Amino acid sequence: MTTTVGLDKDDLLTILAPDGTVDPELDPGLDGAQCLRMYEAMVQTRVMDERLMNLQRQGRIFFYLASTGQEACSIGPAAALTPDDWWVPGYRQPGAFVYREVPLKLLVAQCYGNAWDVTKGRQMPVHYAFREQNMVSISSPIGTQVIQAAGVAMAMKRRGHAKVAITYIGDGGTSSNDFHAGMNFAAVDKAPVIVICENNGWAISVPTPRQTASETFVQKAVAYGMTGVRVDGNDVFATYKAVRDARERAVRGEGPTFLEFVTYRLAGHSSSDDPKRYRPEAECEAWRAKDPIERLRLYLEARGLWDAAREEALLERCRKAINEAVNDNERVPRPELISMFEDVWAELPPDLAAALDEERQARGEGRFP
Amino acid sequence: MREVTYREAVREAMREAMRADERVLLLGEDVGRYGGAFGVSKGLLEEFGEERVRDTPLSESGFVGAGIGAALGGLRPIVEVMTVNFSLLALDQIVNTAALLRHMSGDQFGVPLVLRMTTGAGRQLAAQHSHSLEGWYAHVPGLRVLAPATIEDARGMLAPALADPDPVVLFEHAGLYNLKGPLPEAPAPVDIARAAVRRPGRDVTLVTYGGSLGKALEAAAALAELGVDAEVIDLRVLRPLDDATLLASVARTHRAVIVDEGWRTGSLAGEVAARLGEQAFYDLDAPIERVCSAEVPIPYARHLELAALPRVEGIVAAALRTLGR
Ligand SMILES: Cc1ncc(C[n+]2csc(CCOP(=O)(O)OP(=O)(O)O)c2C)c(N)n1
Ligand SMILES: [Mg+2]
């Protein structure tokens with residue numbers, strides 16, 4: 001049996017209200033330490049996004065894409081999953097990497113594409129990949145990750161691992177072929193996968209009514225025969241609880257869940273666009289009042305876990321951490337030129353071995369190997 | 001020795017792989033109950049069950065993408081795509097993820113996936129079922145592309161393909177499934193790095209692969225009648241190409257004819273010709289010849305289809321031209 005919450009626009013799972021009060025019936029009951037960890041990761045993510053966007057403006061990195069305003073969409077789920085559940089992410093969940101404690105200096109290194117970068121200078125900024133955390137490389141073509149996540153989940157089930165895969169897509173991405181292919185495959189296969197649509201209102205300059213004629217995105221879950229929930233994406237307790245519940249269903253063998261996180265992209269799509277050219281400022285202002293970080297802060301204060309002094313200290317700490325990561329990376333050399341020829345295949349084929357030799361000889365070095 | 005068909009050889013290879021390794025599973029359209037569009041997987045569902053022989057929903061990008069995910073998650077999927085023509089619906093998954101992931105992730109994630117698909121014409125299935133697009137796949141770094149043209153290769157290429165940590169695309173020419181031939185009870189492993197000399201000869205090298213191997217051998221027999229001793233090379237591996245075998249042959253014969261069922265423009269035949277031009281220019285005594293499909297969508301009517309494909313007479317004529325005859 002699958003159920004759907006959110007068939008119409010008024011239907012939204014909210015636990016933490018913008019004023020910081022909690023719905024006692026739905027409260028996921030997180031302890032203070034857990035709440036603080038989530039809060040700190042959200043603040044660190046926002047500070048990191050701001051710093052790296054500035055770095056792009058200064059010409060230090062070529063591209064950046066922020067998640068400002070959407071931090072609860074990645075951090076609630078990261079907290080709800082186990083550390084070895086698989087992530088097959090989109091590009092707008094840097095918070096998940098922060099929450100999983102990938103060192104900031106490695107995230108920054110990836111944006112620089114330098115010798116510390118574990119993707120070895122080969123991927124666009126924010127296209128992170130971390131094997132150790134089971135976080136698969138972000139795919140640029142929109143939608144492809146959804147069906148891949150269903151495949152990862154199929155493997156977990158087949159191997160008898162009580163693990164799930166989580167994947168993300170934007171509102172625009174729901175129009176892609178592979179969103180459909182992935183949702184359908186996952187549901188037919190009862191794969192332990194959680195598909196999250198971050199509905200942030202816009203796909204670059206295209207608003208949601210130009211992507212779908214459905215009243216809500218979660219309606220799509222009904223047609224696939226999947227459980228679906230429409231969730232307040234700026235409410236970290238709601239995103240946490242929705243994913244925790246979805247995970248429990250998945251490991252019980254009840255199949256995938258589709259979650260629509262209703263949120264808003266407060267910044268531009270990426271460093272390449274100016275949102276003022278295509279959307280009204282007033283819309284943005286209205287959403288600023290629902291800021292996910294602000295909400296959690298009010299809650300923590302009411303619970304006696306937070307105050308102005310702690311806030312000041314945290315901001316200081318987060319800025320210091322990202323500044324240190326940036327400063328350290330400024331001194332890191334570029335990847336070796338010849339490293340470009342490696343890892344195309346696990347084994348170096350003859351033509352690439354020859355290219356590598358040529359490069360080495362041009363630099364007066366010995367022959368391969 | 002026993003007589004088996006190419007189809008049975010592929011099936012036997014899959015059965016052996018699935019018996020040997022629990023991680024191997026088969027995904028695709030109609031691969032289970034129906035036994036595959038070309039009957040290759042008949043009997044596998046009965047032996048291995050629905051968990052391992054999976055009839056997937058009808059979406060090429062879907063089951064190829066799921067295969068990629070399953071490979072990432074530690075399985076060794078074999079994905080069957082009915083024909084290369086339909087694989088275009090999965091091109092993004094194959095080219096933008098499977099082929100690139102190892103490099104893009106800095107060697108953190110590889111995609112050990114085997115994709116099997118039919119290719120080629122000759123069965124009056126018209127343009128949207130009959131094209132030979134393997135050259136496109138051979139264009140892409142990160143893929144290994146194989147074209148078994150013989151019973152032994154049909155039987156022997158799957159195991160090394162599954163052992164490969166990277167994605168391998170196997171092209172089975174649809175005209176070969178009923179090919180019959182001897183196979184040892186316990187076939188020897190085959191090498192998936194090298195081209196094979198299928199017929200030694202001194203006068204001219206016929207370079208081919210897959211469904212055109214039979215035509216090249218027939219042409220060589222016809223040339224022998226005319227006193228021309230042709231060598232026939234089966235590329236077997238379309239990526240990475242085995243230049244060494246090609247160059248050694250042309251160094252002996254000084255002449256080359258390339259036979260490729262793909263279209264001539266931007267083709268694998270063009271790539272082979274370019275390599276010979278670059279690396280064997282001073283060995284060549286005549287311009288390189290290419291025998292390819294006509295640059296038209298493959299038609300349905302029998303006589304039109306045959307006219308569009310490489311023919312034995314065309315290969316013979318091209319070989320004679322390289323000899324000034
Ligand atoms: C297949 C494909 N087409 C187009 C693009 C270019 N593109 C990048 S992001 C984007 C908009 C995506 O919007 P949405 O899915 O709503 O995600 P959001 O950026 O809002 O998080 C587009 C069109 C792409 N990356 N891939
Ligand atoms: Mg969007």
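The following questions and answers concern a predicted model.

Reader: How many residues of chain B are in contact with chain A, and which helix of chain B gives the most to that side?

Author: On the side of chain B that touches chain A, α3, α5 (91-98) and α6 (101-104) of chain B each supply at least two residues. By class, that side divides into twelve nonpolar, 18 polar and five charged residues. The contact joins 37 residues of chain A to 35 residues of chain B, and the helix that gives the most, with nine residues, is α3(B).

Reader: Which residues of α3(B) meet α6(A)?

Author: The crossing of the two helices, α6(A) and α3(B), is right-handed. Their contact has three nonpolar, six polar and one charged residues. From α6(A) come A:Asn177, A:Asp178, A:Ala181, A:Gly182, A:Asn184 and A:Phe185, and they meet, in α3(B), B:Ser61, B:Gly62, B:Gly65 and B:Ala66.

Reader: Which residues are the closest to ligand 1?

Author: The shell around ligand 1 divides into five nonpolar, six polar and four charged residues. In total 15 residues surround the ligand, and the closest are A:Ile142, A:Gly170, A:Gly172, A:Gly173 and A:Ala203.

Reader: Is B:Leu26 buried or exposed?

Author: B:Leu26 lies in strand β2 (residues 24-28) of chain B. Beyond its neighbours within four places in sequence, its contacts include B:Met14, B:Val31, B:Leu44, B:Val53 and B:Ile78. A residue counts as buried if 20 or more other C-beta atoms lie within 10 Å of its own. Because B:Leu26 has 27 such atoms within 10 Å, it is buried.

Reader: Is B:Asp30 buried or partly exposed?

Author: B:Asp30 lies in the loop between β2 and α2 (44-48) of chain B, and its phi is positive, near 60°, although the residue is not a glycine. With 16 other C-beta atoms within 10 Å, B:Asp30 is partly exposed.

Reader: What is the phi of A:Val126?

Author: A:Val126 is placed in the loop between α4 (104-112) and α5 (144-158) of chain A. A:Val126 is buried, with 25 other C-beta atoms within 10 Å. Although A:Val126 is not a glycine, its phi is positive, at about 70°.

Reader: Is the peptide bond from B:Arg239 to B:Pro240 cis or trans?

Author: B:Pro240 is found in the loop between β12 (237-239) and α12 (243-253) of chain B. With omega near -5°, the bond from B:Arg239 to B:Pro240 is cis.

Methods
Residues numbered from 1 in each chain as written. Chains lettered and ligands numbered in written order. Predicted model: local features only at pLDDT ≥ 70, side-chain atom pairs only at ≥ 80, totals over all residues. Left-handed = near helix turned anticlockwise from the far one by under 90°. Helix = DSSP H or I, 4+ residues; strand = E, 2+ residues; numbered from the N terminus. Contact = placed C-beta atoms within 7 Å. Nonpolar A, V, L, I, M, F, W, Y, C, P; charged D, E, K, R; others polar. Near = placed C-beta within 6 Å. Buried ≥ 20, exposed ≤ 12 C-beta atoms within 10 Å, placed from the backbone.
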